[in-house]
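Have the structure open as you read, and follow the residues along.

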Amino acid sequence: MGSPDDALTRRLVDLSRSLRQHGIAVGPSESADAAAACAALGVSDRGRLRAGIAAAMLRREGDREIFDQLFDIYFPAGVGDRQTVGEVTAATGGAEVRAAAEQLRDDLATALATADERELDRLAARAVAELGALANDSTMGGYSASQTLDRLAPQTAIAAALQRARDGADTPAGSGEGGGGSGSGSGGADGTGSPWRAEELSDRFDRDEIRSRVAAFRRRVEREATRRNIEARGTERISRYGVRDPLERKDFLLTGREEAVELQSAIRPLARKLAARLSAKQRRHSRGAVDVRRTLRRAMSTGGVPIRPAYKYRHRSRADIVLLCDMSGSVSGFSRFTMLLLQALSTQFRRVRFFGFVNICDDITDLVVGAEMGEDIRTRVAEQATIARWHGSSDYGSALEDFVDRWLGAVGPRSTVLVLGDARTNGSDPKVAALRTITEHARQVVWLNPERSSAWDTGDSVASRYGEVVDMHECRNVEQLRQFVSRSLPV
Amino acid sequence: MPSRFSSVEAASSALEQAGYIASDPIATTVYLADALGKPFLVEGPAGVGKTELSKAVATATGAELIRLQCYEGVDEARALYEWNHAKQLLRITAAGAHHDPGSGADEADWGRVKEDIFTDEFLLDRPLLKAVRADHPTVLLIDELDKADVEIEGLLLEVLSDFAVTVPELGTIQARHTPFVVLTSNATRELSEALRRRCLYLHIDYPEAALEQRIVSLKVPDLDATLSESVVRLVGALREMRLRKSPSVAETIDWARTLIALGGDRLDPELVSSTLGVLLKHQEDIDTATAKLDLTRGLA
């Protein structure tokens, strides 16, 4: 490998240590490969270096986001203000900030309209330099991406960008009117196009195109702010706290609205993968004893010597799944995700039934089955099902008792019952006996708890009282849920 | 071992001459896989050109492409080698027919037959052995490895780390030319860590608009430039729509060919909705796209 470049080697080692801190297994052999890759590629082209190190260190696409963030930290694009940006001064004071933002927004609209990657990159750097500097001395000259984005409000450039893109597209095509006097007005256009211009099919989706370019611009600004902050605060600190975890490992209990939407879109691909795995598991289990008749028939092709045995297939009935979901505010995000995932997987099981509860139970199977993709199921449940009585806070004891009283018929010897909830009873009687009754009727009862296991039994949680009767699994994020479904769920 | 490519640029242009336009990360990883002599694991959605890439590498380096298509239940006998049992039985039976019971030459005869039936003549070589035994450079493509069972990965570990195969009756066969190994996976199953560790990893995603346009104009040279731009833009818009199956590069190319066959020179709702089946393969997706692009209404 030649003599190791000390500075480069140290960076690679630091990078791999940071990756490990973020849960990506990068061992010495990966680091060595990365070093060999660096030696083969040289360090002149940053994009190739990134691709090369990623190829050597990463093992799956899900880790790419973290890697990219950390790569930017350890192999920054440059130091200080970039040369391409030119002279910039941080704007101070309200009027100055507004003027700078106005100017940037105008440039941004043009860059968005033409999808000029290099210009967008330059604008992100300029925006952070001009609008992102934190005023407070205690922040050690740091930069804030959210302040930049708040002040710049890039989404307000969409309308102008759209107008310019459409005008720009017309001119070279020479379709007559061309540029017109539409000017660079910041926003007048409502997206239906100028009245004197023939509609193009692209008019129906160019707004979305520009919107996704704006989203990409936001990420550029975040990257740029991170780059500036490393200088102020040091690599070590930023690499530990300044990196977003991927969606897979984000706590269900901490997901916000926007992330919930992203999670919803992750259900389909996840369900497809899990379905493939579950059906492979089913097939593996269904191999039975040697089938003598078919083996002998097969042996005829090898002169009567039974070289390749044939096996019987065992018919196994598929499992019944019954979900008991806490629908109260605190854990409903988790319940909703799990319900939709199992609904997407329902072909793998004989039957899936959903029961929602807050303090009493109701059958919500039809509501879940009929839910549109991306719809918030909570509103429908609130309108059409009775899951709370007298008060709106969750009470596991009375909900379980109510389930035993009214819905026990749904549980049979082939059923696997999954209880979803944090086992926080708000101080009421947990009524463990009701849960025991369910376990006696079901093949298996499992409790999925979206809280970290160290928080169980704190406050009003009665996790371990229920845990004595049923298996309780920590299921904090998509990753853990995926593991549970693929490993522990009977098929 | 002589390198196949001298630099990233060389890899990129060689691939382009073989009819594959590689993005910079792809060209970089191909170059590295060659320079470091490591197998090369490619993941990505169906139809982005994973298989095509290895074919292009084979063409670009003048090597033979040997392909092992994995499926559930693929085993050693299908992947590595197999003795031709039927032929061996025939050989034994034939030996028995000439056998003279009176002469007492039973022992010697069996010894000869035994030697005889474990020779090259009765060995059926399957892709892995074929790649190892080849006397010319090869590209070994192990396609859709995620479809195979876990056991086959153990077998691959041995082959991929030493490029040697041991056949007990014949001894160890060492590869004369280290094959350029490409593994592809659609990620329906997680591949084992041990296997991943031995490979360079590359995820190929849908290409960026500019790259896709170059690909389309290479594959469908008759397509008018402005039309090809709108084609790529529309496909890009479809990919943003959260469909069950997003259209891939292969489908973009098919669609471009369809448009030429139909003689369209400009995208309009009628043309798009009548050919949408080329791009989208689920009725659900077609409905979504029709609604979002408002395809039932003509252009104003």
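**Cavities and a surface patch**

Searching the whole structure turns up two cavities of 30 Å³ or more. Please keep in mind that this is a predicted model.

**The largest cavity**
- The largest cavity holds about 60 Å³ of space.
- Its lining consists of 12 residues, and those nearest the centre are B:Ala33, B:Gly37, B:Lys38, B:Pro179 and B:Phe180.
- Two elements of chain B, helix H2 (24–36) and strand E8 (180–185), each contribute at least two residues to the lining of the largest cavity.
- By residue class, the lining of the largest cavity comprises seven nonpolar, two polar and three charged residues.

**The second largest cavity**
- For the second largest cavity, the volume is about 40 Å³.
- You will find the second largest cavity lined by A:Thr295, A:Arg298, A:Ala299, A:Ser301, A:Thr302, A:Val305, A:Ile307 and A:Arg308.
- In the lining of the second largest cavity, three residues are nonpolar, three are polar and two are charged.

**The surface patch**
- On the surface, a nonpolar patch is formed by A:Val290, A:Val292 and A:Leu296.
- Together, A:Val290, A:Val292 and A:Leu296 have about 260 Å² of accessible area.
- A:Val292 belongs to helix H12 of chain A, which covers residues 292–299.
- With a relative accessible area of 53%, A:Val292 counts as exposed.

Terms used
Residues numbered from 1 in each chain as written. Chains lettered and ligands numbered in written order. Predicted model: local features only at pLDDT ≥ 70, side-chain atom pairs only at ≥ 80, totals over all residues. Heavy atoms only, no water. Patch = residues over 30% accessible without salt bridge, like charges linked within 9 Å, V, L, I, M, F, W, Y side chains within 5 Å. Areas by Shrake-Rupley, 256 points an atom, 1.4 Å probe, with all protein chains shown as cover. Salt bridge = Lys/Arg side-chain N within 4 Å of Asp/Glu carboxyl O. Helix = DSSP H or I, 4+ residues; strand = E, 2+ residues; numbered from the N terminus. Buried < 20%, exposed > 50% of the residue type's maximum accessible area, 1.4 Å probe, protein only. 1 Å grid on protein atoms, 1.4 Å probe; cavity = no way out; pocket = protein on both sides within 12 Å on 5 of 7 lines; lining within 4 Å. Points joined across faces, edges and corners; volume = space filled by probe spheres on them. Nonpolar A, V, L, I, M, F, W, Y, C, P; charged D, E, K, R; others polar.
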